[in-house]
Amino acid sequence: RYRIAQLYEEEGNWTEAEKAYWEVAEYHSLKPKGLYAPIYVLSHYKSEKDAIGEEAAYTKAVAHFEDLVEQAGPIELAASIKYFYGIVQATHNHWQDARAVWLKSAEEYPKNYYAPLAVLAAAEVSAKNGEKEQALVIYEDFRNRYSTHGLASRTIVLQSTLYHELGNFAKERELLTDSLPKYFSKNTNVQADIKLLIGKSFQDEGNWNEAERVYQEIETQYPDTGAALQIPLMTALYHNTAGQTEAAEKSLNDAITRYQQVQLEHPDTASSVQARRLMTAAYAQKGDWNQVMTNVEEDMQKET
């Protein structure tokens with residue numbers, strides 16, 4: 001049914017597509033695609049900037065989900081329904097209502113599959129709408145309740161980013177440092193990325209000595225990682241900020257040479273792709289816009 005709806009849409013017949021999507025929701029109301037279909041219809045009108053269509057789709061979706069919740073009653077199944085119901089609210093910019101639905105659902109059904117996802121969604125919608133302090137509280141609650149969840153490590157980076165944006169660099173570094181042995185002990189690439197965030201925290205705080213110490217540690221312990229490749233750009237940025245233009249120019253030239261070497265020694269690898277991207281960024285930092293455009297055009301020619 002869902003594919004039939006998609007085919008109508010691909011054909012350019014939205015009227016029939018919408019009818020088919022709603023058939024999915026009605027005939028398979030508790031399947032993932034059935035739960036998602038009303039959200040897809042609502043998102044369509046939103047992306048088309050059709051306010052009248054969006055309002056009608058929202059009203060119909062709300063009635064649909066409220067009916068499902070009432071039919072389900074106080075059982076675990078209601079948690080999945082409420083998770084998608086919250087997405088309807090968030091899609092229609094009723095994000096505070098969405099947050100309330102998600103948090104209440106997680107409290108009612110803490111062991112349900114959708115409970116941790118609901119808490120995460122509540123945190124992310126809070127951060128997206130400027131309530132960063134509230135988002136941090138919800139993220140902390142998520143990690144306390146679901147410390148072994150597959151997405152727990154992801155919340156570390158999201159939390160640390162919020163602390164960084166709020167200027168609480170000490171708390172950001174504390175969170176990242178504590179997370180290294182707990183979540184990232186087996187992945188050297190991610191370890192290097194986390195340490196790079198710690199170094200950047202020191203740098204943005206204005207403590208270059210500590211930032212440089214962390215960067216040197218990364219280049220010594222994780223020389224072949226993407227994080228190590230980014231350090232010359234961070235160093236050049238510091239020199240530029242400090243008014244040391246010659247040192248900044250040297251850092252960028254050395255970085256470009258290094259990126260070219262990586263591409264020669266490791267062609268057709270993820271490292272080569274990143275080196276290419278960083279090389280273009282280095283040229284941009286130098287203000288060499290002709291070379292930036294040359295690189296971009298060459299990259300476009302390789303794309304299929």
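Modeller: Contact means heavy atoms within 4.5 Å. Helices (H or I, at least four residues) and strands (E, at least two) are DSSP runs, numbered from the N terminus. This is a predicted model, where local features need pLDDT of at least 70 and side-chain atom pairs count only at pLDDT 80 or more, while totals for chains, interfaces and linings use all residues. Residues are numbered from 1 along each chain as its sequence is written, and side-chain values use heavy atoms, with hydrogens and water left out.

Colleague: Fine. Which residues in H6 meet which in H8?

Modeller: From H6, Arg-99, Leu-103, Ala-106 and Glu-107; from H8, Gln-134, Ile-138 and Arg-145. By class, this contact has three nonpolar, one polar and three charged residues. Ala, Val, Leu, Ile, Met, Phe, Trp, Tyr, Cys and Pro count as nonpolar, Asp, Glu, Lys and Arg as charged, and the others, Gly among them, as polar.

Colleague: At what angle do H6 and H8 pack?

Modeller: About 20°, with the axes 13 Å apart. H6 covers residues 95-108 and H8 covers 132-145. Axes are lines fitted to C-alpha atoms, for helices over the stretch in contact, and angles run from 0 to 180 degrees between N-to-C directions.

Colleague: Switching to the core. Which residues touch the most other members of the largest nonpolar core?

Modeller: Tyr-21, Phe-65, Tyr-83, Val-88, Trp-102, Tyr-215 and Ile-218, out of 75 residues. Helix H7 (residues 114-128) gives the most to this core, 11 residues. A nonpolar core is a set of buried Ala, Val, Leu, Ile, Met, Phe, Trp, Tyr and Cys residues joined through side-chain atoms within 4.5 Å. Buried means under 20% relative accessible area, exposed over 50%, partly exposed in between (1.4 Å probe, protein chains only).

Colleague: And what is Tyr-215 in contact with?

Modeller: Leaving aside neighbours within four places in sequence, Tyr-215 contacts Leu-196, Gly-199, Lys-200, Gln-203, Trp-208, Ile-231 and Met-234. There is also a second, separate core of 14 residues, including Tyr-259 and Met-279.

Colleague: Asp-268: buried or exposed?

Modeller: Exposed, at 82% relative accessible area. Asp-268 has a positive phi too, near 60°, and lies in the loop between H14 (245-265) and H15 (270-286).
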